[in-house]
Amino acid sequence: MKLSRRVARFNRLVTNRIQGLYAWLLPPWAVILHQGRRSGRRYRTPVLAFRCDRTLVIALVYGEESDWLRNLQAGGGQVIRAGRAFRVGLPKVIETSDVAELARLSPLARAYCRRAKKLAVLAIGEPQPGFGPRWSARE
């Protein structure tokens, strides 16, 4: 089930601001830190991200048109989860029917991810120094 772009706009303007207050601390929530492809502006997007080993699995409930996904594909970024910042590699988009990735998730996470047609899989790098949602300009 893909949610409409109208819902995505509302969430970007209203819901994300509220979720941004706690998402960086409470798993399975995470905050994706990414830089705009054209503007160069920095953005913070809260998402539900399920971790298995050194990867994060994110259901693409708005489809592949999400700005955070396109920005990560263009230049990478960071993720803050449970108060720790990590570098992430370029996202790999896979079909939800690929049971190999879903089999490693908890039953609740699998049920949520099956609601989307595609998933984004991010490889997590080593933890970055510092604590909290601040994103330094140093790359």
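P28 is placed in the loop between α1 and β1. In this predicted model, the peptide bond that leads from P27 to P28 is cis, and its omega is near 10 degrees.

## The bent helix α1

Helix α1 covers residues 5–19 and bends by about 50 degrees at N11. N11 is also one of the buried residues of this helix, together with A8, N16 and Q19.

As a general rule, an α-helix has 3.6 residues a turn, so residues three or four places apart point the same way.

## Two loop residues with positive phi

D53 is not a glycine, yet its phi is positive, at about 55 degrees. This residue lies in the loop that joins β3 (50–52) and β4 (55–59). D53 has a relative accessibility of 62% and therefore counts as exposed.

A82 is likewise a residue other than glycine with a positive phi, near 55 degrees. Its position is in the loop between β5 (77–81) and β6 (84–88). With a relative accessible area of 39%, A82 is partly exposed.

## The nonpolar cores

The largest nonpolar core contains 16 residues, and those with the most contacts inside it are I32, V47, I58, W68, V79 and L122. At least two residues of this core come from each of β1, β4, α2 (67–75), β6 and β8 (118–127).

Leaving aside residues up to four places away in sequence, V47 touches P28, W29, A30, I32, I58 and W68. Another core, of 15 residues, lies apart from the largest one; L102, A109, C113 and L119 are among its members.

## Cysteines without a disulfide

A disulfide is a covalent bond between the sulfur atoms of two cysteines. How many disulfides does a search of the whole structure find? The search finds zero.

A disulfide would require the two sulfur atoms to be within 2.5 Å. Seen from C113, the closest cysteine sulfur is that of C52.

Both cysteines are shielded: C52 counts as buried because its relative accessibility is 7%, and C113 is buried with a relative accessible area of 0%.

Definitions and conventions
Residues numbered from 1 in each chain as written. Predicted model: local features only at pLDDT ≥ 70, side-chain atom pairs only at ≥ 80, totals over all residues. Heavy atoms only, no water. Bend = angle between axes of the 7 residues up to and from the residue. Helix = DSSP H or I, 4+ residues; strand = E, 2+ residues; numbered from the N terminus. Buried < 20%, exposed > 50% of the residue type's maximum accessible area, 1.4 Å probe, protein only. Core = buried A, V, L, I, M, F, W, Y, C linked by side-chain atoms within 4.5 Å. Contact = heavy atoms within 4.5 Å.
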